[in-house]
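Here are a few exercises to work through with the model open beside you. Try each task yourself before you read its solution.

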Amino acid sequence: MGVTCVCGVPVLEGKSVQQTVDMLHKKLEQLGAVKQGSFCVDCETYHATGTVSGQPSKLLYVMHNSETPLSCLALFEGGPCLIADANFDVLMVKLKSHFQNAKGHKVECRGSRYRYCDFLIKVGTVTMSSSARGISVEVEYCPCVVPGDCWNLMKEFMQSFLGPSVPELPSAFATKPEGLFAPADCVDTMTQYLELFNKLRKLQIQGSNVR
Amino acid sequence: MEAPPVTVMPVTGGTINMMEYLLQGSVLDQALESLLHRLRGLCDNMEPETFTDHELVYLLKGQQGNPFILRARRSLSHPTAPWHLRYLGQPEVGDKSRHALVRNCVDVAASHSLPEFLNEMGFRMDHEFVANGHIFRKGAMKIVVSKLSRILVPGNTENTERLSLSYLVELSVLAPAGQDTVSEDMRNFAEQLKPLVQLEKIDPSKQRH
């Protein structure tokens with residue numbers, strides 16, 4: 001995997017989530033990007049049941065990415081993460097008396113996958129409890145694994161179709177020392193998705209109007 | 001750069017429950033060579049495979065009931081290979097005529113952050129040991145002949161002490177639930193190993209601690 005950046009895109013004024021997604025697709029196609037199938041990233045939340053009362057229960061996130069269909073990523077926010085094969089989900093079912101699945105918290109992000117030269121762009125609709133909550137854009141620059149070397153290029157590319165909604169350097173890269181390679185696995189990408197999902201979840205709770 | 005297929009994976013109600021069928025026995029050190037010789041003859045023709053593994057057993061104490069046990073195993077001879085996490089359920093009771101011990105089994109391959117991650121989940125390591133020996137296959141059957149060693153200093157796999165003067169012999173098959181011919185085949189194979197080793201169904205819950 002190359003350096004990957006995931007960001008949220010605000011819904012356009014006066015338009016619906018679907019309309020904004022369609023506009024992004026149109027801009028990408030105008031640039032010359034080619035549609036190549038679809039993708040899906042999802043995240044399930046588990047609460048640890050055995051914690052001492054009074055302390056907030058630890059949240060365990062289990063995420064899947066269609067780019068790596070045989071794997072799943074389990075992580076504690078700000079804590080250690082584990083890359084495991086698909087059987088980890090079966091293990092979580094066995095652990096259901098210790099870790100409860102917060103079914104209402106399942107987040108899914110589905111959409112189309114576009115290829116433009118060395119870039120892979122995925123525009124997805126983020127849904128929680130089957131209501132669309134926001135839009136995600138994932139941009140991967142495949143040939144490079146060092147964030148410092150290609151961030152400016154990626155930012156310029158994103159400006160060409162995202163306009164003013166271009167994000168800053170993701171915190172996942174900012175916290176790495178100078179010149180460190182993005183690891184070959186999906187951890188950095190998935191942590192960015194998790195950050196986005198949590199941000200979108202909090203927005204809805206605050207009563208923000210996202211159609 | 002083709003997109004991998006997007007599939008919806010059923011987790012509950014659609015998974016194949018894998019069961020482990022197991023027969024165990026042991027041989028004294030002196031009898032090892034004869035046993036290996038017989039196994040080489042009976043089993044599938046392949047390069048003799050030896051292994052050295054480090055296994056850690058983790059417990060998660062819940063509010064009630066028995067603690068949840070997970071076994072994390074890594075290869076000391078292939079240090080870059082993934083960790084192998086295994087859950088074994090309670091042995092299935094009922095059919096006394098079934099020749100092998102049958103229990104639900106979930107195997108997960110995991111990255112090297114496994115011990116740290118298990119600790120974060122609340123698991124605590126109960127004990128660890130080093131196993132080394134030989135592995136053979138015959139069709140779906142796996143025969144493992146291993147010597148178990150106690151780890152004297154936690155985490156130090158160099159300094160170990162053999163637990164006994166014998167080798168543990170295990171004959172196992174991983175198959176979906178409901179396949180009754182498996183234990184028959186296992187029993188037939190175990191017959192061929194007599195009298196070198198007596199492979200039996202040993203119920204772990206009947207062991208006195």
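**Exercise 1. Find how many residues of chain B are in contact with chain A, and describe the interface.**

Step 1. Start with the contacts (heavy atoms within 4.5 Å): 33 residues of chain B touch 39 residues of chain A. Keep in mind that this is a predicted model, where local features need pLDDT of at least 70, side-chain atom pairs count only at pLDDT 80 or more, and totals for chains, interfaces and linings use all residues. Residues are numbered from 1 along each chain as its sequence is written, chains are lettered from A and ligands numbered from 1 in the order in which they are written, and side-chain values use heavy atoms, with hydrogens and water left out.

Step 2. Now the area. Buried area is the accessible area (1.4 Å probe) that two parts lose on being put together, summed over both. For chain B and chain A it comes to about 2900 Å², with carbon and sulfur atoms giving 70% of that.

Step 3. Look for polar links. The rule finds six residue pairs in polar contact across the interface, both residues being at pLDDT 80 or more. A polar contact is a pair of N or O atoms within 3.5 Å; within protein, one must be able to donate a hydrogen and the other to accept it, and residues adjacent in sequence count only if both atoms are side-chain atoms.

Step 4. See which elements take part. Helices (H or I, at least four residues) and strands (E, at least two) are DSSP runs, numbered from the N terminus. On the side of chain B that touches chain A, strand E3 (68-75), strand E4 (83-91), strand E5 (101-110) and helix H2 (114-121) each supply at least two residues. E5(B) gives the most, with six residues.

Step 5. Sort that side of chain B by class: 20 residues are nonpolar, eight polar and five charged. Here Ala, Val, Leu, Ile, Met, Phe, Trp, Tyr, Cys and Pro count as nonpolar, Asp, Glu, Lys and Arg as charged, and the others, Gly among them, as polar.

**Exercise 2. Find the salt bridge between chain B and chain A, then look at two others.**

Step 1. A salt bridge is a side-chain nitrogen of Lys or Arg within 4 Å of a carboxyl oxygen of Asp or Glu. The whole structure has 16 of them over all chains. A:Lys58 sits in the loop between strand E2 (34-48) and strand E3 (59-65) of chain A, and B:Glu120 in helix H2 of chain B, so this pair joins two chains.

Step 2. Check the distance: the closest N and O atoms of A:Lys58 and B:Glu120 are 3.7 Å apart.

Step 3. Check exposure, where buried means under 20% relative accessible area, exposed over 50%, and partly exposed in between (1.4 Å probe, protein chains only). A:Lys58 is partly exposed at 33%, and B:Glu120 is partly exposed at 27%.

Step 4. A:Arg113 and A:Glu67 meet in a salt bridge at 2.7 Å, N to O. Strand E7 (residues 107-116) of chain A holds A:Arg113, while A:Glu67 is in the loop between E3 and strand E4 (71-76) of chain A, 46 residues apart. Both A:Arg113 and A:Glu67 are buried.

Step 5. Now try chain B, where B:Glu55 pairs with B:Arg73, their closest N and O atoms being 2.6 Å apart. B:Glu55 is in strand E2 (residues 49-60) and B:Arg73 in strand E3 of chain B, 18 residues apart. B:Glu55 is buried at 6%, whereas B:Arg73 is partly exposed at 23%.

**Exercise 3. Work out which residues of helix H1 (residues 32-42) of chain B are buried.**

Step 1. The buried ones are B:Leu32, B:Leu35, B:Leu36, B:Leu39 and B:Leu42.

Step 2. They cover an arc of only 130° around the axis, so they lie on the same side of H1(B). That arc is taken from the directions from the helix axis to the C-beta atoms. An α-helix has 3.6 residues a turn, so residues three or four places apart point the same way.

Step 3. Turn to the other face: B:Glu33, B:His37 and B:Gly41 are exposed there, away from the buried side.

Step 4. Finish with the packing: the buried residues of H1(B) pack against several elements of chain B, including strand E1 (18-28) and helix H3 (181-193).
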